[in-house]
Amino acid sequence: MRAVAFETHGGLEVLKLMDLPTPKPHGDEVLVQVKACALNHLDIWVRRGLGVTIPMPHIGGCEVTGIVAELGPLAKDSGLTVGQKVMIAPGLLPVKPSVWTARGDDNIDPTYVKHGMQTQGGFAEYSVARACDVLPISDTWSFAEWASVPLTMLTAWNMLHTLAKLQPGETVLIMGAASGVGVAGVQIAKLAQARIIAVAGSADKLAKTKELGADHLINYKEQDVAKEVKKITGGQGVDVVFEHVGAALWQHAMRSMAIGGRLVTCGATTGPKVEIDLRFFFSRQYQLLGCHMGSRADLLRCLDLVERKLLVPVVDKTYPLEETRAAQERLETMSVVGKVVVTV
């Protein structure tokens, strides 16, 4: 099969179009003929090297949609059928039950695996996963649109609902609001009847967030984010900060919170090292919450909302498989609005 993979960690130059063996589904596995695979910054970090052992040559890509091509012998009673439209869940359920999975927190189980990281992913003609991690999809959206949904919608839902417990009428500041997880956050916050302040770096990006439901817009390249937030909120600050940018805007995020505010973060795109002044942290009773994807229950909830068009996929641009390197390059420039998707 054709696949874009790398044999050593490094820059974009390590990505190569290869001819690799088509995987064979064993046991309860399902072979999926890939139609689309969305990109995430995770793909860039895995390619550069995270200090995690991964199979080589390695195929990235964790948001996969396609068609069931073959069922392993133990997957024939799974309810899935050859030719059915499906997606592979970006987070794979732990193999063994644990205290985390028992309470519905499968995403923080120490054995939790991301498709396309510890396993071979979707930048290829075929990808394989266990039947429990292969989910049916409908004709409501295209393969590329469905591929742009699972990881970012799931993460944003976990951030705003499960962790920050966003309430109607509260004000949420969404950093990087035009990114994949950002556009998901805007929509989920809107659905929760919150007031949304969107932060992005261009007029075009901010216009898209306005279209999706943002109430106030801040261009961080031209405006002081924290000062603008104080103007918008009458000096109070926001109830929730939705953060994934990292070092570049961290201090603005901290200065934008109201007393008792919650900051929830899922990433560090511009760098992981930040500073916290503990005097303000405890005296203003801030809460700092870390988010690692989300549970399978949350994913199914998000997919239902997308099916009902209460949440919508946002595709920035599609590239053919052969141009996966160009797709990752576009993501690295941070010029996208929504999701970059590779089609096969």
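## Close-up views of a predicted model

**View 1. Lysine 165 sits in a loop.** Lysine 165 is found in the loop between α4 and β10, the strand of residues 171-174. Please keep in mind that everything shown here belongs to a predicted model. The relative accessible area of lysine 165 is 51%, so this residue counts as exposed, for which the value must be over 50%. Look at the backbone too: phi of lysine 165 is positive, near 55 degrees, and this residue is not a glycine. To see why that deserves a glance, remember that most residues other than glycine have a negative phi.

**View 2. Methionine 293 also has a positive phi.** The backbone of methionine 293 has a phi of about 50 degrees, although this residue is not a glycine. You will find methionine 293 in the loop between β15 (287-290) and α10 (296-307). Is methionine 293 buried or exposed? Its relative accessibility is 7%, so methionine 293 counts as buried.

**View 3. A cis peptide bond joins methionine 56 and proline 57.** Omega of this bond is about -10 degrees. As background for this view, most peptide bonds are trans. Proline 57 lies in the loop that runs between α1 and β4, a strand of residues 63-71.

**View 4. Helix α1 and its neighbours.** Which residues of α1 are buried? They are Leu42, Asp43, Ile44, Val46 and Arg47. After α1 comes glycine 49, with a positive phi near 115 degrees.

**View 5. Valine 186 in helix α5.** Valine 186 is part of helix α5. With a relative accessible area of 0%, valine 186 is buried, because buried means under 20%. Who are its neighbours? Leaving aside residues up to four places away in sequence, valine 186 touches Ile174, Ala177, Ile196, Thr209, Leu212, Gly213 and Ala214.

**View 6. Threonine 233 in a loop.** Threonine 233 belongs to the loop between α7 (225-232) and β13 (238-243). Its relative accessibility is 11%, and therefore threonine 233 counts as buried. Not counting residues up to four places away in sequence, the residues that threonine 233 touches are Thr171, Arg195, Ile197 and Val238.

**View 7. Phenylalanine 282 in helix α9.** Helix α9 covers residues 278-283, and phenylalanine 282 is found there. Is phenylalanine 282 buried or exposed? Phenylalanine 282 has a relative accessibility of 58%, so it counts as exposed. Now find glycine 260, 22 residues away along the chain: its C-alpha atom and that of phenylalanine 282 are separated by 9.5 Å.

**View 8. The largest pocket.** This pocket holds about 810 Å³ of space. How many residues line the largest pocket? There are 37, and those nearest the centre are His41, Trp45, Val181, His244 and Thr269. Four elements each supply at least two residues of the lining: α1 (41-48), α4 (150-163), α5 (180-191) and β17 (339-343). Sorted by class, the lining has 20 nonpolar, 14 polar and 3 charged residues.

**View 9. The second largest pocket.** Here the space comes to about 280 Å³. The second largest pocket is lined by 17 residues, and closest to its centre are Pro23, His115, Thr119, Gln120 and Val128. Which strand gives the most to this lining? It is β8, residues 126-130, with 5 residues. By class, the lining of the second largest pocket has 9 nonpolar, 5 polar and 3 charged residues.

**View 10. Stepping back to the whole chain.** The protein chain has 11 helices and 17 strands. Its C-alpha trace spans about 60 × 40 × 35 Å along the principal axes. For 344 residues, a compact globule would have a radius of gyration near 20 Å, and the 20 Å of this chain agrees. Buried residues make up 53% of the 344 residues.

Methods: Residues numbered from 1 in each chain as written. Predicted model: local features only at pLDDT ≥ 70, side-chain atom pairs only at ≥ 80, totals over all residues. Heavy atoms only, no water. 1 Å grid on protein atoms, 1.4 Å probe; cavity = no way out; pocket = protein on both sides within 12 Å on 5 of 7 lines; lining within 4 Å. Points joined across faces, edges and corners; volume = space filled by probe spheres on them. Nonpolar A, V, L, I, M, F, W, Y, C, P; charged D, E, K, R; others polar. Rg over C-alpha atoms; globule rule 2.2 N^0.38 Å. Buried < 20%, exposed > 50% of the residue type's maximum accessible area, 1.4 Å probe, protein only. Contact = heavy atoms within 4.5 Å.
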